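Colleague: Hi! I'm new to this one, could you walk me through it?
Modeller: Happy to, here it is.

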Amino acid sequence: VENRDVPLSRRDLILKCAAMGALTLAPGVSIADALAWADPQKGATKPPTPWDEIGPFYKRNAPHEAQLRAAGDKGLPLSVTGQVFDTRGQRLEGATVEIWQADDAGIYDLDGYRFRAALVADRTGTYGFESIMPGHYPARVCQHIHYLVQAPGCKALTTQLYFATDPVFEGDPAKNFRKDPLIESADLVRRVKMTKTAAGNVANVTFEIVLERL
Amino acid sequence: MSTRALSTIAGLVLAAGCATTPPEAKLPAEIGIIHTATPAGAIVMATTKPVAVTAGQHKLTVISLPDGTERRAIDLGDRSGDALTIAPDGSSFAIGDHSGGITVWNTETGQVRFDFKLRRYPGLLVFSSDGTRLATAAQGDLVQVLDAMTGKLVATLGAPVGGTSALAFSRDDALIAAGDGDGAIRVYDAHTGTLISENRDLLMVPLAVAFTADGASVIAGSGDKVLTFIDARTGKSTRRWERTSQPVAAIEVSPDGKSVATVFMKAENMLEPDHSLIRELSSGAVQLDWLPRAMPIGGKWMSDGRLLVVLPGADGLHLWRLR
């Protein structure tokens with residue numbers, strides 16, 4: 001007798017459908033693929049996000065505020081979203097994602113918390129913030145946003161997000177990422193998708209974070 | 001490659017091992033130019049011996065001070081000197097390259113004492129006061145304290161979030177102060193690596209730490225733009241000087257322990273020079289406020305009480321005396 005109070009998991013549903021001959025998969029997709037989709041937190045492995053240095057301007061106690069862009073701020077509006085996982089593919093609800101960046105002129109706010117935030121990943125491990133494309137800091141080669149990501153049971157990660165549209169990369173970040181000696185992996189250079197809104201162009205970037213387990 | 005003689009300027013007499021300044025001479029003063037065949041991007045000076053090492057264009061040059069005579073040149077091949085340091089007594093010097101390779105040389109003989117490998121480029125490379133130990137850390141990684149003669153691991157310090165950004169030994173080499181990426185100042189037993197105290201009063205990454213001469217206090221500077229005095233044993237803040245216009249990037253206490261030199265970092269462009277201050281430690285009174293015309297590439301408070309700073313120039317390294 002089936003306990004109807006316990007809902008079927010996606011995995012159980014797929015297995016039952018397969019057993020009953022009621023499962024139709026797209027060409028090239030195996031039952032294993034479907035099971036992996038159904039339960040991404042089991043057995044999946046993800047390479048950890050490459051490290052990058054913390055830099056001199058990290059500041060504790062940043063506000064829990066995802067809207068960093070204020071009316072009148074100069075610079076291209078930037079929307080960054082992503083999910084936080086561990087290397088087993090488990091979404092890390094509650095992970096803290098601290099970010100800090102320069103303004104459009106390449107200047108960091110040391111006296112306050114402009115363009116600084118401490119975000120908390122939601123139930124799906126998702127975080128996001130609305131900002132502006134950082135300017136070029138004079139002592140650095142590339143535009144970048146700093147990250148410090150922490151979650152219980154995982155190693156804290158400091159890293160930096162870079163933008164494929166940065167002129168430094170000359171349109172080929174995979175080839176040219178080492179023009180900035182602090183970039184150790186081209187994986188940190190992310191594609192920028194431009195969208196048009198009523199307010200104008202917005203740069204959209206996805207930056208998934210994968211933490212190593214302790 | 002050869003290093004040319006140090007010229008004298010403004011009537012200052014450069015005697016062996018000591019740039020003597022007439023009592024009436026006004027400081028700061030430019031006291032000489034070191035002409036080097038290879039442009040130098042950095043210079044480190046010993047405090048008790050008249051010796052320095054310059055680095056630039058994949059070459060290290062050991063020179064005598066103040067005459068600038070080249071004593072030894074070392075070709076680094078394709079290695080880049082990301083970090084350069086010399087023991088206070090001048091007995092050893094070391095570089096760390098961008099791949100994480102550390103090499104320590106005997107200054108007198110030019111022989112390599114040992115090579116050591118970090119997992120990435122170094123964030124720290126600091127000799128103990130007596131030159132027998134070398135503290136180093138890859139960027140973002142934990143600090144390892146090595147025997148400076150053999151490379152044997154002596155102790156490891158904690159592994160803070162963001163790594164350690166500033167480090168100093170006490171003058172008796174009993175303690176190590178670490179400024180960590182999480183904003184904390186931690187003091188360790190230098191022999192065992194045991195944590196002794198922790199201070200979390202700074203909000204930003206510490207950029208410089210130094211012990212007072214008696215080792216009782218740690219002075220820390222950061223993007224918080226204040227100089228904080230911390231009891232080394234308890235970790236409690238005991239004093240904070242008034243807010244400055246820029247972050248403190250370097251701190252050096254005078255040999256007599258009565259003054260402290262601080263170098264500020266121009267936060268909006270750290271490639272440009274900012275002010276250096278000398279203040280009386282007991283009162284905080286400013287004794288000197290100096291804005292160099294170029295970003296200093298080295299500086300040291302010598303054991304005889306002189307404070308020397310080196311500025312780059314098209315015609316060589318310009319040696320300034322601030323005290």
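Modeller: One term to begin with: a contact means heavy atoms within 4.5 Å. Among contacts in chain A between residues at least 6 apart in sequence, 70% join residues at least 24 apart.

Colleague: Thanks! Where does this model come from, and how are things labelled?
Modeller: This is a predicted model, where local features need pLDDT of at least 70, side-chain atom pairs count only at pLDDT 80 or more, and totals for chains, interfaces and linings use all residues. Residues are numbered from 1 along each chain as its sequence is written, chains are lettered from A and ligands numbered from 1 in the order in which they are written, and side-chain values use heavy atoms, with hydrogens and water left out.

Colleague: How many helices and strands are there in chain A?
Modeller: Chain A has three helices and 10 strands. Both are DSSP runs numbered from the N terminus: helices are H or I with at least four residues, strands are E with at least two. Along the sequence the pattern is α-α-β-β-β-β-β-β-α-β-β-β-β.

Colleague: And what share of chain A counts as buried?
Modeller: Of its 214 residues, 42% do. Buried means under 20% relative accessible area, exposed over 50%, and partly exposed in between, with a 1.4 Å probe and protein chains only.

Colleague: Which strands pair with strand 9 of chain A?
Modeller: Strand 1 (residues 77-86) of chain A runs parallel to strand 9 (residues 200-206) of chain A, joined by four bridges. In that pairing, A:T81 is opposite A:T206. Strand 8 (residues 193-197) of chain A pairs with strand 9 in the antiparallel sense, over five bridges. For two strands to pair, DSSP must find at least two bridges between them.

Colleague: How many residues sit between strand 8 and strand 9 of chain A?
Modeller: Two residues, and the strands form a hairpin. Across it, A:T195 faces A:V202 in strand 9.

Colleague: What about a hairpin in chain B?
Modeller: Strand 5 (residues 42-45) and strand 6 (residues 51-56) of chain B are antiparallel, with four bridges. Five residues link them in a hairpin, and B:M45 stands opposite B:A52.

Colleague: Switching topic: what is phi like at A:F115?
Modeller: Phi there is near 60°, a positive value in a residue other than glycine. Most residues other than glycine have a negative phi, and most peptide bonds are trans. A:F115 is in the loop between strand 2 (96-101) and strand 3 (116-120) of chain A, and counts as buried at 6% relative accessibility.

Colleague: And B:K225, buried or exposed?
Modeller: B:K225 is buried, at 9% relative accessibility. Its phi is positive too, near 65°, and its place is the loop between strand 22 (217-222) and strand 23 (227-231) of chain B.

Colleague: Which peptide bond is cis?
Modeller: The one from B:L27 to B:P28, with omega near 5°. B:P28 lies in the loop between strand 3 (18-20) and strand 4 (29-34) of chain B.

Colleague: Last one: where is B:D173?
Modeller: In the loop between strand 17 (164-169) and strand 18 (175-180) of chain B. B:D173 is buried yet has no salt bridge, and the nearest side chain of opposite charge, B:R133, is 4.5 Å away. A salt bridge needs a side-chain nitrogen of Lys or Arg within 4 Å of a carboxyl oxygen of Asp or Glu.

Colleague: What does the B:D173 side chain reach, then?
Modeller: The backbone nitrogen of B:D130, at 2.9 Å. Leaving out residues up to four places away in sequence, B:D173 touches residues including B:S128, B:A190 and B:H191.

Key: Lys, Arg positive; Asp, Glu negative; His and termini not counted. Polar contact = N/O pair within 3.5 Å; in protein donor to acceptor, adjacent residues only side chain to side chain.
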